[in-house]
Amino acid sequence: MADKQLTTNRDGFNTKWGFILACIGSAVGMGNIWRFPIMVSTYGGMTFLLPYFLFVILIGASGVMEEFALGRWAAAGPVGAFGKCTENRWGKKGIGEGIGAIPILGSMMLAIGYTVVMGWIFKYCWMGITGSLYALGTDMGAIGGTFGAAAPEAATLGEAVSMMFSNGLFTFGNGAWLIIGLVISLVIMAFGIGGGIEKANKVMMPALFGLFVILGVYIAFLPGSGEGYRYIFTINPAGLLDIKVWVYAFGQAFFSLSVAGNGSVIYGSYLSKNEDIPSSARNVAVFDTIAALLAAFVILPAMAAGGVEPSKGGPGLMFVYLVNVLNGMPGGRIVGMIFFICVLFAGVSSIVNLYEAPVAFLQEKLGLKRVPSVAIIGVVGCAIALMIQPWTSQWMDVVSIYICPLGAFLAGLMFFWVLKKETAIEAVSYGIKKPLGGWFYPLGKYAYCVLSVLALIFGAAWGGIG
């Protein structure tokens, strides 16, 4: 009776495409914009893309479907869903709920790291709108110094405290932009799933895709951009024999599709049983891949047109090297403004998803209402984000290398190994228009779960694969 009441009273998405756009928004993030293009560049264009496409299909047809189905079946986030899995198998949910806390922790930690990055994004978006970003010109010292001021690094705790008080919290530095970005994201969440997250993504995602298409068309006509496209479509057969290409392609697909045992599970919990999960998972995988390709078709040709080899990924690519290229091209002020608006939409949609799992946890386990839950999580996230600013890269490395892959593996373990097979199949089958193929269960139970473990092992050994 409690589960039935939870399902009836639970907030949810109002439309199928509202759910799909929200899931696409959660997946389209920094991994697509600053990580995917550099992976394509580093590992040989189509040489990297072929295994990447293969893994997107595999993960979309197993991990994405599994996490959506797990959340919908349990009508709960990871803690409640994992607890119901162990209760389904052994009649006890305590151990499952304890394990479910790991993806919640991962989601919160990743959201905190993203909160710092959102400060950078909001600052650069504002600079793009006002023209102050374009005013930096192509002076790499000025461009690099601007980002260095926004994202200072510290070696000691004393240095970090000094930076926080002198350049972050009490001046209009990144601390202020961090708070602005977080408050906007929390306001969207406070309006609920259908009234806030769904409506926001219905605006941000079409706008992001449309603006990226405009940028792609413009850059395609710039002199020298053809070298970027030529590189993207180049294939090196020998490169396909390199194990690293395959491992990194899997890692990129794994994190790009946002399978970490948290965000997709919680969004799935808001999904009606009338919705077709295989169809929704396919749409999310397709549009997430399109977004990543659009980013590559904008960034790599732009770098080629600017005569710059994108040999460095991470924040340096987007906030330093790419700014230099955009400022040096015709119409650079407008192009830079549009680009960072796209990045802002991608960032906000991702951070909303990441904070949603901890917010839902407070609602489910403590019985708090929506707004107080959002406020509590927001205050905690903001306080920690302000403190970790000098160590953001190290923070994000720990989360992406260890906690997120572990969360994805645990969700797969619960769904495919702990939950009874007939229950798992039934959970995916609600609302489907065609019978679920016999391939799904063994693909998820063996291929996906094994690859999730490998993602964790290789990520730890090689310093991250996503």
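Q: Why is Cys-125 called buried?
A: A residue is called buried when its relative accessible area is under 20%, exposed when it is over 50%, and partly exposed in between (1.4 Å probe, protein chains only). Cys-125 has a relative accessibility of 7%, so it counts as buried. This is a predicted model, in which local features need pLDDT of at least 70 and side-chain atom pairs count only at pLDDT 80 or more, while totals for chains, interfaces and linings use all residues. Residues are numbered from 1 along each chain as its sequence is written, and side-chain values use heavy atoms, with hydrogens and water left out.

Q: How do you know whether Cys-125 is bonded to Cys-342 or too far for a bond?
A: A disulfide is a pair of cysteine sulfur atoms within 2.5 Å. The closest cysteine sulfur to that of Cys-125 belongs to Cys-342 and is 9.5 Å away, which is too far for a bond. A search of the whole structure finds zero disulfides.

Q: What makes Phe-415 and Phe-416 an aromatic pair, and is that pair stacked or edge-to-face?
A: Rings of Phe, Tyr and Trp (its six-membered ring) pair if their centres lie within 6.5 Å, and planes under 30 degrees apart count as stacked, over 60 as edge-to-face and the rest as tilted. The structure holds 27 aromatic pairs. In the pair formed by Phe-415 and Phe-416, the centres are 5.1 Å apart and the planes make an angle of 85°, and the pair is edge-to-face. Phe-415 has a relative accessible area of 0% and is therefore buried, and Phe-416, at 0% relative accessibility, counts as buried too. Elsewhere, ring pairs link Trp-120, Tyr-124, Phe-147, Phe-212, Phe-319, Phe-339 and Phe-340 into a cluster.

Q: What makes the charged end of Lys-273 sit "over" the ring of Tyr-430?
A: A charge sits over a ring if NZ of Lys or CZ of Arg is within 6 Å of the ring centre and within 35 degrees of the ring normal. The charged end of Lys-273 is 4.6 Å from the centre of the Tyr-430 ring and sits over that ring. Lys-445 likewise lies over the face of Trp-417, at 4.4 Å from the ring centre.

Q: Why is a set of residues called a nonpolar core?
A: The name is given to a set of buried Ala, Val, Leu, Ile, Met, Phe, Trp, Tyr and Cys residues that are joined through side-chain atoms within 4.5 Å. The largest such core here has 156 residues, among which Ile-59, Phe-212, Tyr-267, Phe-339 and Phe-415 touch the most other members. Helix H16 (residues 332–366) supplies the largest share of this core, 19 residues.

Q: How do you know which residues Ser-350 touches?
A: Contact means heavy atoms within 4.5 Å. Leaving out residues up to four places away in sequence, Ser-350 touches Gly-25, Ser-26, Val-28, Gly-29 and Tyr-114. Ser-350 has its place in helix H16, and it counts as buried because its relative accessibility is 2%.

Methods. Helix = DSSP H or I, 4+ residues; strand = E, 2+ residues; numbered from the N terminus.
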